[in-house]
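Student: Please put the sequence and the structure up. I would like to go through them by question and answer.

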Amino acid sequence: MSTAYKFANPDGIYFTSFACVQWVDVFVRRKYSEIILESLEYCQKKKGLVVHAWCIMPSHMHLIISRSQTPTLSDIMRDFKKFTSGEIVRMIKEEAGESRRSWMMWLFSSAGKENPNNINYQFWQQDNHPEELITNRFTLQKLNYLHYNPVEAGFVDKPEDYLLSSARDYAGIKGLIDNIAFLL
């Protein structure tokens with residue numbers, strides 16, 4: 001069995017990324033990002049998720065995570081993606097002011113029909129692509145990649161200026177998620 005892109009080491013620290021189907025820019029609306037933030041905090045408090053770094057981009061997100069208790073990272077991420085998928089799709093369906101509703105729901109429905117694991121809609125792409133952070137050099141590389149993603153995209157000049165990222169915490173500014181477990 002291949003361990004490529006698996007949470008193979010239960011005590012490891014992992015860099016992982018996942019995207020919305022068709023790379024839809026869902027998170028340009030803050031209300032959808034709030035669901036992600038609330039769910040990450042829930043997983044911290046109730047499931048033992050340890051968040052070391054995070055960044056929400058318009059169509060995807062990056063995390064550096066580990067765990068402190070029984071559920072595996074695979075289980076935590078499965079539950080996280082299932083819950084956030086359902087909540088965001090529900091909000092898009094019910095939000096009167098969502099100008100992109102028909103288009104997004106069509107994309108999520110089309111992706112759901114192509115995937116036998118789904119009943120109606122698919123919001124997240126299937127994979128997480130976790131990579132275990134084994135060396136300090138690789139850890140720093142992934143941490144910088146995560147925090148500089150909004151800079152490379154042209155959204156901000158400095159990582160700490162991007163609100164939807166732990167770069168603020170790493171720069172000594174209070175971020176949006178409590179209890180960040182700093183690396184290095």
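## The sheet and its helices

Tutor: Strands β2 and β3 make a hairpin, with three residues between them. Helices and strands here are DSSP runs, H or I of at least four residues for helices and E of at least two for strands, numbered from the N terminus. This is a predicted model: local features need pLDDT of at least 70 and side-chain atom pairs pLDDT 80 or more, while totals for chains, interfaces and linings use all residues. Residues are numbered from 1 along each chain as its sequence is written, and side-chain values use heavy atoms, leaving out hydrogens and water.

Student: In what order do the four strands of the open sheet lie?

Tutor: Two strands pair if DSSP finds at least two bridges between them. The edge strands, β2 (49–56) and β4 (131–132), each pair on one side only. The pairing is antiparallel, and the order is β2-β3-β1-β4.

Student: Which residue in β3 is the bridge partner of F15?

Tutor: β1 and β3 pair in the antiparallel sense over six bridges. In one of them, Y14 has I65 as its partner in β3. For F15, the partner in β3 is I64.

Student: Which residue in β4 is the bridge partner of Y14?

Tutor: Strand β1 (residues 14–19) runs antiparallel to β4, and two bridges join them. F15 stands opposite E131 in β4. The partner of Y14 there is E132.

Student: Which residues of β1 point the other way from Y14, T16 and F18?

Tutor: In a regular strand the side chains alternate between the two faces of the sheet. β1 is mostly covered, with six of its six residues buried. Buried means under 20% relative accessible area, exposed over 50%, and partly exposed in between, with a 1.4 Å probe and protein chains only. Both sets in β1 are buried, and the residues pointing the other way are F15, S17 and A19.

Student: How many residues of β3 are buried?

Tutor: β3 is also a strand that is mostly covered. Of its eight residues, the buried ones number seven.

Student: At about what angle does helix α1 run to β2?

Tutor: Helix α1 (residues 30–47) lies across β2 and β3 (60–67). Axes are lines fitted to C-alpha atoms, for helices over the stretch in contact, and angles run from 0 to 180 degrees between N-to-C directions. The angle of α1 to β2 is about 170 degrees.

Student: Which strands does α2 touch?

Tutor: α2 packs on the sheet, and its direction makes about 145 degrees with that of β3. The strands it touches are β1, β2 and β3.

Student: How far apart are the axes of α2 and α3?

Tutor: Two packed helices are described by the angle between their axes and the distance between the axes. Helix α2 (residues 73–94) and helix α3 (residues 101–114) pack at about 145 degrees, and their axes are apart by 9 Å.

Student: Which residues of α3 meet α2?

Tutor: Contact means heavy atoms within 4.5 Å. From α2 come V89, I92, K93 and E94, and they meet R101, M104, M105 and F108.

Student: How many residues of that contact are charged?

Tutor: Ala, Val, Leu, Ile, Met, Phe, Trp, Tyr, Cys and Pro count as nonpolar, Asp, Glu, Lys and Arg as charged, and the others, Gly among them, as polar. In the contact of α2 with α3, five are nonpolar and none is polar. The charged residues number three.

Student: Which residues of α3 are buried?

Tutor: What covers them includes α2. The buried residues of α3 are M104, M105, L107, F108, S109, A111 and G112.

Student: Where does W23 lie?

Tutor: Most residues other than glycine have a negative phi, and most peptide bonds are trans. W23 has a positive phi, near 55 degrees, and is not a glycine. W23 is partly exposed, at a relative accessible area of 48%. Its place is in the loop between β1 and α1.

Student: What is the phi of H129?

Tutor: H129 lies in the loop between α3 and β4. H129 is not a glycine, yet its phi is positive, about 50 degrees.
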